[in-house]
Structures are given as structure tokens and as C-alpha cells.
Amino acid sequence: MILPSTLPILPLESKVLLPSIVTDLMLSDDDARRIGLTDEIYIVCVPLTQQQTHGVHRQVEGDVSRLFHYGCTAKVLAVDRTLPHALSVRVQGVCRSSVEDVATADSLRLEASLIHHVGGDLQEDGLDGLAWQLRGLCKDYVTRLRVIGIPEAILFDLERRAASAPISSLVDWLLCVTETTLEEKLKALETVDLASRLETGIAVHFRIEQTVDQQRRGFYLRHQVHLLAIAIPSDDDDEELVELVQNLNDCNLPEEARNSVSRDIKRLRKMAPSSPESGVLRAYLELVAALPWHKRMDDVVNISEARDRLDADHYGLELVKRRILEYLAVIKVKQDLSPPILCLVGPPGVGKTTLARSIATALRRKFQRISLGSIRDEADIRGHRRTYVASMPGLLISGMRKCGVKNPVILLDEIDKMVKNSSQGDPAAAMLEVLDPAQSSTFVDHFLNIPFDLSQVLFIATANSMESIPDPLLDRMEVVHLEGYTVDEKVHIAKSYLWPKQLAAHGLDDLVISDAVLQYICETYTQESGVRNLDRCVASLCRYKCREYADLMEAGRPHAFRKTIERSDIQRILGLGLFERETVMDDEDHAMSGVVSGLAYSQSGLGDVLQVETTLMAGRGRLTLTGNLGDVIKESAYIAVSWVKANAYALKLTRSRKEELLENTDIHIHVPNGAVPKDGPSAGITMAMSLISVLMNKAVSGTTAMTGEITLRGQVRPVGGIKEKVLSAHRAGIRKIILPARNRRDVEADVAKTIIQDIELVYVRTIWDALEATQLLVQPTDVARPIECRL
């Protein structure tokens with residue numbers, strides 16, 4: 001085949017035509033007329049070496065500097081003239097041609113003087129190694145294209161060419177179908193030597209193979225992302241929704257949550273942004289994205305550090321500290337939170353919240369407090385359903401959102417103050433699911449409406465009393481009692497913690513106060529289980545002294561400032577005492593029959609000494625009880641009267657067994673301080689001794705006090721608050737205390753040895769033993785006791 005040496009030039013912008021390649025070119029009518037375009041003619045396609053911003057196939061208009069020095073002689077196969085103002089030309093590359101000269105013909109078109117380089121197939125001899133390598137690379141390339149999803153119709157043609165096409169055509173075809181750069185194609189166009197062109201093609205193929213591998217990995221990655229992603233950001237989404245979708249995709253939600261959220265995103269995209277439901281749904285999705293589904297803090301349990309923290313935050317409470325340290329030890333050994341949930345029960349101000357904070361600090365976890373006081377709506381725990389605009393999640397889910405981790409320490413404060421059985425549901429029943437380890441892993445908030453795992457949360461509850469906590473809820477918690485501080489402990493706390501804190505707060509570094517003054521403040525101005533009022537009193541002292549120092553500084557006499565607070569200053573600073581310490585009279589001559597000292601325990605955590613007075617008068621055998629008494633203490637009085645009547649003959653109060661005691665006599669039992677409510681079974685033994693004392697007309701020593709519950713058979717049962725009762729009796733000057741025998745272990749475990757040595761403790765099992773201890777029965781052998789009373 002003889003090719004013309006001079007052919008019209010068709011410039012190609014950003015494109016290179018190689019031999020044996022068939023392609024379609026778009027030309028305007030003017031360009032077609034310039035080159036005299038007809039079927040079955042030859043042209044030379046010369047690429048332009050510089051970028052041009054106007055058009056694709058335009059004449060260089062006299063500037064031949066952009067023409068590449070090589071081109072591809074091509075045969076025009078077909079011309080499609082059906083398009084308006086344009087032509088589609090199908091050409092096939094024939095051979096490489098070097099451009100020797102460019103001339104202008106008819107002032108309309110450019111013609112090039114060419115030297116054609118044909119006979120590439122004749123150069124294949126001796127290139128079998130390179131040819132075999134290139135064909136193998138082409139087959140691997142087709143295989144990789146099949147993996148990433150290229151249609152089989154296209155791959156069939158590629159496989160056929162790779163197996164049967166001449167090697168010179170195959171290398172040009174490979175350069176055209178792969179993502180080669182313009183520079184690489186230009187280099188292949190000017191490379192006439194087949195061996196060099198094969199080496200170039202192999203090098204380009206290795207680079208393309210790496211690109212295909214990257215695309216394949218990207219394809220798999222995108223496929224996996226689409227499987228795991230909740231939704232893909234859309235071009236129609238606003239910036240906030242795009243960010244929200246991205247946050248949801250990063251949450252790695254469980255499958256059930258992912259499916260639910262995916263449906264909600266589709267619904268949100270269909271809603272108008274101004275609709276109320278759109279705002280609720282967007283707030284819901286923001287909550288889901290903000291919840292800690294997998295983020296957690298590592299448990300770092302240091303027992304010695306926890307012990308130091310508890311000692312620094314609290315004085316005393318040794319049993320409570322030991323139980324908390326044991327609890328932390330279980331977590332450290334077992335590496336989970338399977339032990340029961342702690343419930344700290346005690347009066348206000350004893351440090352229940354601070355104990356929970358100390359546990360969180362020891363575990364190095366985030367701490368969140370949830371107040372349950374006066375909660376009457378179940379929705380406050382479980383959340384509101386998303387059926388109205390003002391719906392919101394419950395306190396637990398909101399707390400988890402604030403913490404940002406799935407294993408915080410959550411304090412359920414005042415769990416005993418929840419309102420039970422209200423018209424809006426039972427919040428205590430809703431807490432059953434939260435505090436049950438078997439159910440907390442799938443807790444469903446009504447607003448969230450998908451399961452959320454609370455099993456790794458360390459819950460600590462606090463309460464002032466266990467009576468108002470439902471039994472099923474109490475069964476899920478391990479109760480730790482905090483009984484309150486004694487006066488000695490308060491003095492130590494004030495000296496070691498409160499006083500230095502208030503001095504630093506008021507800028508008084510060298511103010512001095514003695515332990516005796518602090519004890520006087522505790523006994524006269526505070527009667528609480530905690531130290532909150534004591535802290536306020538100490539702060540009042542510091543404020544007073546601070547003002548006194550400021551006045552002296554203004555008067556120019558700062559040297560007159562007294563740095564020591566005496567007991568005589570307390571009443572001037574704090575006012576008259578609010579309480580008066582109960583004391584007893586040592587003089588036995590002033591003791592009266594019917595007046596007996598009893599020991600009481602208040603809900604504030606303090607013990608007290610109460611006088612029980614009994615008197616007799618003519619009447620019809622009626623019993624009158626006064627002193628603001630509760631139902632339980634009234635029942636103790638009825639039991640005492642019944643026991644005395646049943647054993648009147650044994651006590652020598654009647655002359656025969658059939659004689660009725662107090663038939664024409666009324667009994668009046670009174671407990672002073674009527675403004676203070678009193679209740680409980682521990683006054684039974686005191687009322688019995690008071691009644692027997694007045695009937696026998698014998699006085700009980702004023703330095704003797706007692707406590708204990710009695711039964712109709714005369715047994716003395718154990719009671720609570722022994723530590724506080726013994727300490728209050730010791731402060732009041734009591735020298736002998738009568739206690740139930742089964743309370744001996746409480747005394748030995750809780751009461752200091754110095755106090756035990758200073759007081760005579762008598763342990764009794766029956767009322768008869770108490771009568772002997774009070775010396776109401778001087779000669780017990782003269783009385784025939786009923787056998788059943790000794791059981």
C-alpha cells in the first residue's frame with residue numbers, strides 16, 4: 001500500500017491517535033471544508049502539544065508551533081452528516097508519520113510533508129520474550145477488569161485482541177484503552193522502534209496495574225462502606241444534614257439501630273425543613289449520633305489510691321469504706337461490673353454523694369448525678385414517645401449523652417423519694433429494668449425506641465430510708481448503711497477538714513479554736529447526722545472574726561485582734577443555743593418513782609436520752625398516752641401494761657392470782673418534749689420499768705438508762721442505733737445502761753473501748769433480768785417467775 005507523502009493535517013486537541021486504532025472525531029462544517037473531507041481519503045492526525053481553551057478540533061490558523069513533530073496517518077472510514085452544524089468522522093490509524101514540513105494550501109488548510117513508518121509487523125522477529133510478557137500482562141489486566149465489574153461484552157473483545165492481534169498493534173491498543181497520560185501517548189507515537197515501544201508499553205502497564213489495584217481496593221472499600229453506612233450524603237442535603245449523616249455513619253451502630261436510623265433519614269429527606277415533625281426527627285437523629293455506643297474508658301482500679309481518696313474525703317465510716325474497697329477489689333479481680341448495685345442508705349449530710357464521687361475518682365471514670373427526688377412520671381425515666389413536639393429522652397439516656405462514654409459512674413440520688421403509683425405511671429417500676437443486670441443491656445427509652453446497652457454503667461443509689469423503696473427494687477441493690485457521725489467524729493471533722501477550709505476561704509490563716517469549743521458548738525447549735533450545719537456555724541465564726549479584724553485595721557489597731565475563739569464568744573457570735581444537752585441528776589435523793597430514763601435514736605442519726613413518766617390516778621382502768629407518740633411506741637405501752645397485769649401476782653402487786661390489777665385506777669404515761677414526734681419499739685422496756693416503778697413506789701436511779709423491745713412473754717428483743725444511744729448516754733452522764741443481750745455484738749463492733757470501760761453495760765434477755773438490774777427486785781428469790789418468761 002502506497003501512501004501519499006503530502007496529506008491534509010487534522011489537529012487533535014488533548015488526544016493522540018495511534019496506528020490500528022478506530023475512533024470517532026467531531027468536526028465542524030468549516031473544518032471539514034478546509035481539509036476537503038470525503039470518504040476513503042487519507043489525512044494525518046497531528047496532536048497539539050499545548051493546551052487550548054477554545055474548541056476541540058480547530059485549525060491553528062497559521063501558527064504551526066503547537067503541532068507535534070509526529071502524527072498518525074489515518075483513513076477516513078465514514079462521515080456522519082446528520083448532526084446540525086457538525087460532522088462525526090470515523091477514522092482508523094494506519095501508520096506513524098514524521099512531519100517534515102508544513103505548508104498552507106489554498107489559504108484554507110494545512111498540508112504536511114510526511115515520511116511514513118510502516119512495516120511494524122516485520123520488526124517482531126527476535127521479540128518473542130517481550131511479546132509473550134506483554135500478552136500475559138494484557139490477560140491479567142482483563143482479569144482485573146472482570147473483578148471490578150466491567151461488562152463481559154467488553155471483556156470478550158479485549159480477550160480476543162490480547163490473544164490474536166499483532167504485537168505492534170497490541171501495544172498501541174493497550175496504550176489507548178488504559179489510563180495513560182498524554183505525554184506517554186506522545187512518546188509512544190514518536191517511538192518507531194518496536195522493541196522500545198514494547199518496553200514503554202510494559203512499563204506503562206505496570207503503572208496502570210497499580211492504579212487498577214487501587215481502584216479495586218477502593219471498590220471493595222466503597223462496597224463495605226455502603227454495607228456499613230447508614231446513609232450516603234446526598235447533593236440535596238444541607239450542611240447540617242451532611243454532617244449529621246457523617247456522624248451517624250461514624251457511630252458504628254448495632255444492626256437494629258442502623259436499620260431504624262436509615263429509615264428515619266429517608267423520612268427526614270422527604271419532609272419540609274419547616275415542619276414540626278422534621279425538627280423532632282432531626283433532634284432524635286442528633287441524639288443517636290451523640291450517644292456513646294462503643295466509646296468507653298479503661299478501668300484503672302488502684303485500691304491504695306481509692307483508700308487514700310476515701311480517707312481524704314471522709315473521716316470515720318470504717319465499715320462503709322471497707323465495703324466500698326471490697327467492691328472495687330471485685331471489679332479489679334473480675335474485670336467487670338457483675339457485683340450488685342450499691343445503695344448508700346443514711347441520713348442527710350453524712351457524705352453519700354461524696355462517697356460516690358470518690359468511687360468515680362478511684363476508678364478514673366466520668367461521674368454523672370441524676371436526681372430522682374419527686375419524680376412522679378414514668379417518662380422521666382423511660383423518656384417521652386416521639387408523638388409530639390416537646391418529647392425528650394429520659395434522664396438516663398440524657399445522662400449517657402452528657403458523659404460521652406458507655407461505662408460512667410451514675411449516681412441515682414434520692415431513689416427513695418420517687419413518687420409511687422401516680423397517675424402518670426410508676427417510676428420505681430421503670431427503674432427495675434435499669435438496675436437489673438439481665439435487662440439493662442437492652443434498655444429501651446421511649447424517645448430513642450431502640451435498645452441501648454447500660455450493662456457497663458456503675459450505678460450507685462442513695463436513700464435516706466428504705467421504707468419507701470419497693471421490695472423488688474430494693475432486692476436488686478446491695479444496701480450499705482451510713483449511720484451518721486458522733487459528736488467526737490464531728491469534732492475531728494471540724495478540726496481537720498471544715499476549719500482549715502473556712503480559714504482558707506476567709507483569708508484567716510492563724511485563727512485558733514479548741515476542741516472543747518467545737519464540741520460545745522456540736523452539742524448546742526447542731527443536732528444532725530451530718531456536718532452541714534456545723535460547717536455553717538464554723539463559717540459564721542470566720543465571718544465574724546474577719547469583720548472584727550477589718551474594723552480593727554480601719555481603726556489602726558490590728559494588734560488588738562484576738563486570734564483565739566473562746567467558749568464565751570460563741571453565744572455572742574452564734575446567738576442563743578438551739579439545743580440543750582440532756583443530763584441526769586446524780587443525787588439519788590431526788591429520784592422519783594415512775595420516772596425512768598430511756599435511750600432513743602432519731603432519723604437525723606443522733607442518739608438522745610428521754611424520760612418516761614408514769615403516774616396513777618383513780619378511774620376505771622384506762623390507759624392514757626401523751627407526748628406525740630407514734631403507733632409502734634403506743635403498742636409498746638400496751639404490751640408493757642398487759643405484761644405487768646399478767647404478772648402482777650408474781651411481782652407481789654396483788655394478793656391473789658384472781659385479783660385484777662388497776663381495776664379502779666387509770667394509768668397515764670407521758671414522754672416529755674411533745675413537739676418532737678416519737679416512734680419505734682425500743683421504749684418498751686423503759687415503759688415497763690416506769691410502770692412497775694410507780695406500782696412498787698420504788699425509784700430507779702437517775703444514772704441508769706435502758707432500751708429494748710419487749711414481748712408479751714417478757715422477752716427483751718434487740719433494737720437498732722446502739723452506737724448512737726450509748727454515746728448520747730455517755731455524754732448525758734449515764735453510768736449504767738441496760739441493753740438487750742443480742743445487741744452485745746453491736747456494742748463490741750461499734751462503740752469505742754474507752755466508752756465501754758467508762759460505763760457499766762448490763763445485757764438482759766427478759767424483763768425479770770431488767771428488774772434485777774434496776775434493783776426494783778431486791779430479793780429475786782422471793783418472786784416465783786413464770787417458766788415461759790425465760791424462753
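Trainee: Before we look at any pair, what is a salt bridge?
Mentor: A salt bridge is a side-chain nitrogen of Lys or Arg within 4 Å of a carboxyl oxygen of Asp or Glu. Please keep in mind that we are discussing a predicted model.

Trainee: How many salt bridges does that rule give?
Mentor: The count comes to 23 salt bridges. As background, side chains of opposite charge can pair when their charged atoms come close.

Trainee: What is the distance between the closest N and O atoms of Glu 277 and Arg 267?
Mentor: Those atoms are 2.8 Å apart, and the two residues form a salt bridge. The pair links distant parts of the chain, with Glu 277 in helix α9 (residues 276–290) and Arg 267 in helix α8 (residues 255–270), 10 residues apart.

Trainee: Now Glu 326: which residue does it form a salt bridge with?
Mentor: Its partner is Arg 322, and the closest N and O atoms are 3.9 Å apart.

Trainee: Where do Glu 326 and Arg 322 sit in relation to each other?
Mentor: They are 4 residues apart in helix α11 (residues 318–334), so about one helical turn separates them. In general, an α-helix has 3.6 residues a turn, so residues three or four places apart point the same way. Glu 326 is partly exposed, with a relative accessible area of 38%, while Arg 322 is exposed, with 51%.

Trainee: What about Glu 378 and Arg 382, how far apart are their closest N and O atoms?
Mentor: They are 3.2 Å apart, and this pair too forms a salt bridge. Glu 378 is partly exposed, with a relative accessible area of 26%. Arg 382 is buried, because its relative accessible area of 15% falls under the 20% limit.

Trainee: Changing topic: which residues of helix α4 are buried?
Mentor: They are Ile 167, Ser 168, Leu 170, Val 171, Asp 172, Trp 173, Leu 174 and Leu 175. Because 8 of the 11 residues of α4 (residues 167–177) are buried, the helix is largely enclosed by the rest of the structure.

Trainee: Asp 172 is on that list. What does its side chain make a polar contact with?
Mentor: It makes a polar contact with the side chain of Arg 96, at 2.7 Å. Asp 172 itself counts as buried, at 2% relative accessibility. Leaving aside residues up to four places away in sequence, Asp 172 touches Leu 18, Pro 19, Ile 21, Arg 96 and Arg 197.

Trainee: And the second largest pocket, what is its volume?
Mentor: Its volume is about 490 Å³. The pocket is lined by 22 residues, and Gly 349, Val 350, Gly 351, Thr 354 and Val 531 lie nearest its centre. The elements giving two or more residues to this lining are α12 (352–363), α17 (487–506) and α19 (532–554).

Trainee: Which element gives the most to that lining?
Mentor: Helix α17 gives the most, with 4 residues.

How values were computed: Residues numbered from 1 in each chain as written. Predicted model: local features only at pLDDT ≥ 70, side-chain atom pairs only at ≥ 80, totals over all residues. Heavy atoms only, no water. Buried < 20%, exposed > 50% of the residue type's maximum accessible area, 1.4 Å probe, protein only. 1 Å grid on protein atoms, 1.4 Å probe; cavity = no way out; pocket = protein on both sides within 12 Å on 5 of 7 lines; lining within 4 Å. Points joined across faces, edges and corners; volume = space filled by probe spheres on them. Polar contact = N/O pair within 3.5 Å; in protein donor to acceptor, adjacent residues only side chain to side chain. Contact = heavy atoms within 4.5 Å.
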